Amino acid sequence: METGGLSRSLGFVEVTLSGIGIILGAGIYALIGTAAAGAGNAVWLSFAISAVVALFTALSYAELSSMFPKSGAEYEYTAAALGEFVAFVVGWLIIFSGIVGAATVALGFGGYLGGLLIIPRLPAAIGLIVVLSVILVVGVRESALLAGLFTVVEGCGLVLVIIAGLPYLGKVDYFEMPLGISGVFTAAALVFFAYMGFEEMVKFSEETTDPERTVPRALMVALAVCTVLYVLVCFSAVSVVGWEGLAASDAPFAAVAVAAWGPGAARLLSVIALFATANTVLLMLLASSRISYGMARSGTLPRPLARVHATRRTPWVAVIVAGIGACIFLFPGDIEFVANVSNFTLFVTFLVVNASVIILRLRDPGRARPFRVPGRIGPLPVLPFFGIASCLFLFVQLTPEVIGIGTVLAITGCIVALFAGKRK
């Protein structure tokens with residue numbers, strides 16, 4: 001059941017659509033209400049701040065992915081810059097974040113489906129993970145095509161929200177901040193979860209044609225498209241129901257649809273939310289399985305995770321393990337808390353990724369870089385320093401409880417890394 005490498009069958013369109021799909025996903029559908037409670041009508045500003053932070057780091061990812069077009073992604077970059085111990089801890093956090101994030105979003109899917117068909121949430125979530133895991137084993141091209149279809153549907157949902165708000169534009173003060181600018185910053189740290197996904201795109205490198213150029217281009221386009229959609233959606237949503245209406249609803253987009261078009265529209269938005277949540281679970285499982293595969297191939301995770309299916313050319317063992325892990329972590333949770341735990345792992349990872357760009361520019365300036373982060377002073381690139389500073393700024397907006405849980409996860413990764421190093 002193991003042979004050769006992964007199949008290179010993805011082009012610019014597939015990678016871009018997959019990236020847009022995982023970025024859009026469940027984040028904007030689930031978090032806009034909670035974010036509005038802190039940022040008020042200025043919730044659009046929170047999304048814009050998070051977009052700038054994401055852009056700095058996305059440029060660093062683009063440069064590193066052009067240098068190391070491997071499915072191990074962050075593990076490969078960090079290993080080259082800071083050594084395998086730090087690389088393992090980063091990879092550990094990313095895998096954990098993807099699996100827990102997939103479980104959390106799958107429960108969201110179960111909740112939407114239960115509201116439509118009266119199906120218990122847990123069985124629905126398990127069924128979704130099983131079906132999507134099978135699709136991932138079948139083939140990456142099939143998975144990307146499905147993700148592309150789901151992306152179109154969920155994108156249409158956001159477009160509907162934008163259209164709903166057009167007649168209401170200008171009805172509210174878009175700078176109303178009930179908790180002041182600090183509330184906007186706290187919301188920005190929360191909604192960073194909604195941009196989670198651009199970093200996953202680099203994990204498609206070994207399955208992409210001409211990845212050194214295709215992946216960086218796709219990454220920039222996907223992030224730009226999602227940022228524009230997010231900001232427009234925020235303007236429209238607060239225009240229709242105000243930040244109070246968003247904050248008070250468990251299904252904020254459904255509340256917008258009801259206010260604009262009547263009760264029947266809520267059902268349509270709920271169906272679209274099913275596609276959005278399923279798409280996020282699919283792509284989170286894909287990303288977690290790919291970095292697990294990359295780390296196993298390097299010898300720091302058990303070798304069976306590096307097995308590639310003889311005919312489908314997919315890392316089938318890594319996919320199955322990711323699916324089982326997501327099923328294990330299917331537990332009811334506070335979406336804000338879980339999202340911020342995921343953000344903790346993202347901020348730590350992004351700090352390391354930005355630092356890796358700087359270190360490799362100094363240590364290995366002669367290595368080919370098909371894509372370079374623009375702007376430098378002497379040999380030092382400037383924008384990665386902004387990436388580090390902005391990630392630290394959002395990091396300190398997290399609650400002590402979230403930082404505590406995240407620290408425990410990081411320490412656990414350090415302990416496992418010690419054993420992995422000895423094993424290797």
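Are Glu-63 and Arg-369 buried or exposed? Both Glu-63 and Arg-369 are buried, and the views below, all taken from a predicted model, start with this pair.

**View 1. Glu-63 meets Arg-369 in a salt bridge.** The closest N and O atoms of the two residues are 3.1 Å apart. Glu-63 has a relative accessibility of 1%, and so counts as buried.

**View 2. Glu-63 also forms a salt bridge with Arg-361.** Here the closest N and O atoms lie 2.8 Å apart. Helix H2 (residues 43-67) contributes Glu-63 and helix H12 (residues 335-363) contributes Arg-361, so the contact links parts 298 residues apart in sequence. Arg-361 is buried too, at 6% relative accessibility.

**View 3. Asp-364 and Arg-367 pair through their side chains.** This salt bridge has an N to O distance of 3.0 Å. Asp-364 is partly exposed, with a relative accessible area of 25%, and Arg-367 is partly exposed at 35%. A search of the whole structure finds three salt bridges.

**View 4. His-309 makes a polar contact with Thr-311.** The contact runs from side chain to side chain, at 3.1 Å. You will find His-309 in the loop between helix H10 (264-298) and helix H11 (316-328). His-309 has a relative accessible area of 15%, so this residue counts as buried.

Terms used:
Residues are numbered from 1 along each chain as its sequence is written. This is a predicted model: local features need pLDDT of at least 70, side-chain atom pairs count only at pLDDT 80 or more; totals for chains, interfaces and linings use all residues. Side-chain values use heavy atoms; hydrogens and water are left out. Helices (H or I, at least four residues) and strands (E, at least two) are DSSP runs, numbered from the N terminus. Buried means under 20% relative accessible area, exposed over 50%, partly exposed in between (1.4 Å probe, protein chains only). A polar contact is a pair of N or O atoms within 3.5 Å; within protein, one must be able to donate a hydrogen and the other to accept it, and residues adjacent in sequence count only if both atoms are side-chain atoms. A salt bridge is a side-chain nitrogen of Lys or Arg within 4 Å of a carboxyl oxygen of Asp or Glu.
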